[in-house]
Amino acid sequence: MAGTAWTLNASDGELLVHTGVTGRAARMGHRLTIAMKRWQATVRWSDGEPAAAQLTVDVDSLEVLRGEGGLTPLSAPEKTLIRSNALRQLNAGRFPRISFDANSIEKSGDGYRLAGTLQIRGKTRAQTIDLRTDDLGDVWRLSSQARVRQSDFGVNRYSLLMGSLKVADDVTVSFTAQRTKDFADET
């Protein structure tokens, strides 16, 4: 790969969080798609292979895009309330960033396996991410999905009706980006 580092941000792709609902009244709740609008990923290269990767996300860039399910469509005021609750649960004022640092990157069948640490709300846990890379000619497409258990990071899940409806503990984080190839990138 040409150069020694790639830097990607929200202009190159998207970082989404997908939530579920649990409890006896789960059918009343919305499964949410939340976009993180400000993030930056840096990949450092050595001898044509990725050697280190880091992702940093600004928590207050959280935006509720849509909700599926529920008894009624998700309204704009509900999206605002959900955002406010999420920022409070994540303690965004005290912990304004979420980060992932890969300390091991191994080639896999369709990309790379990144093993490292994920930090949310000041708590750090081991996390593995399978990153798919697709050669589209002039660009690389990067994509991944990873499950994160909120309780591992001290995030209290929002609930209603005395716990009969609550946000599922596991959320799915999806990442998709494209990176234009440099003239020296290997094809």
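# Close-up views of a predicted model

**View 1. Gln145 and its partner across the strands.** The bridge partner of Gln145 is Ser174, found in strand 14. This is a predicted model, so please read each view with that in mind. As background, strands of a sheet pair through backbone hydrogen bonds, either parallel or antiparallel.

**View 2. The hairpin of strands 10 and 11.** On its other pairing, strand 11 (residues 139-149) meets strand 10 (residues 123-135) in the antiparallel sense, over five bridges. How many residues lie between strand 10 and strand 11 in their hairpin? There are three, and Gly137 in the turn has a positive phi of about 95°.

**View 3. Asp134 and Arg132.** Asp134 also takes part in a salt bridge, with Arg132, where the closest N and O atoms are 3.1 Å apart. Is Asp134 buried or exposed? Asp134 is buried, because its relative accessible area of 14% falls under the 20% limit. Arg132, at 38% relative accessibility, counts as partly exposed.

View 4. Eleven strands form an open sheet with antiparallel pairing, in the order 1-5-6-8-9-10-11-14-2-4-7. Which strands stand at the edges? They are strand 1 (5-9) and strand 7 (62-69); each has a single partner strand, so one side of each is left without a neighbour in the sheet. On average, neighbouring strands of this sheet are turned by 20° against each other, direction ignored. In the protein chain as a whole there are 14 strands and one helix.

View 5. Strand 2 (residues 13-18) pairs with strand 14 in the antiparallel sense, over six bridges. Here Val17 stands opposite Val173 in strand 14. Helix 1 (residues 76-89) packs on the sheet, where it touches strand 4 (30-36) and strand 7. The direction of helix 1 makes about 120° with that of strand 7.

**View 6. Arg97 and Asp58.** A salt bridge brings together the side chains of Arg97 and Asp58, at 3.4 Å from N to O. Arg97 lies in strand 8 (residues 97-108) and Asp58 in strand 6 (residues 49-58), so the pair ties together parts that are 39 residues apart in sequence. Both side chains are within reach of the surface classes used here: Arg97 counts as partly exposed at 48% relative accessibility, and Asp58 is partly exposed with a relative accessible area of 22%. The count of salt bridges comes to ten. In general, side chains of opposite charge can pair when their charged atoms come close.

**View 7. Arg113 and Asp130.** In another salt bridge, the closest N and O atoms of Arg113 and Asp130 are 2.7 Å apart. Arg113 sits in strand 9 (residues 111-120) and Asp130 in strand 10, and the pair links distant parts of the chain, 17 residues apart. Arg113 is partly exposed at 42% relative accessibility, and Asp130 is partly exposed at 40%.

**View 8. The nonpolar core.** Which residues touch the most other members of the largest nonpolar core? Out of 41 residues in this core, they are Trp39, Leu62, Leu114, Ile120 and Phe175. Take a moment with Leu62: leaving aside residues up to four places away in sequence, Leu62 touches Ile34, Ala35, Met36, Arg83, Ala86, Leu87 and Leu90. Of the 187 residues in the protein chain, 41% are buried. In soluble globular proteins, nonpolar side chains tend to be buried together.

**View 9. Ser46 and Ala5, and the chain overall.** Ser46 lies in strand 5 (residues 39-46) and is partly exposed, with a relative accessible area of 40%. Ser46 and Ala5 are 41 residues apart in sequence, and their C-alpha atoms are 9.0 Å apart in space. Contacts across the sequence can also be counted for the protein chain: among those between residues at least 6 apart, 60% join residues at least 24 apart. The accessible surface of the protein chain comes to about 10,500 Å², and 48% of this belongs to carbon and sulfur atoms.

How values were computed:
Residues numbered from 1 in each chain as written. Predicted model: local features only at pLDDT ≥ 70, side-chain atom pairs only at ≥ 80, totals over all residues. Heavy atoms only, no water. Pairing = 2+ DSSP bridges. Helix = DSSP H or I, 4+ residues; strand = E, 2+ residues; numbered from the N terminus. Salt bridge = Lys/Arg side-chain N within 4 Å of Asp/Glu carboxyl O. Buried < 20%, exposed > 50% of the residue type's maximum accessible area, 1.4 Å probe, protein only. Contact = heavy atoms within 4.5 Å. Areas by Shrake-Rupley, 256 points an atom, 1.4 Å probe, with all protein chains shown as cover. Core = buried A, V, L, I, M, F, W, Y, C linked by side-chain atoms within 4.5 Å. Axes fitted to C-alpha atoms, helices over the stretch in contact; angles between N-to-C directions.
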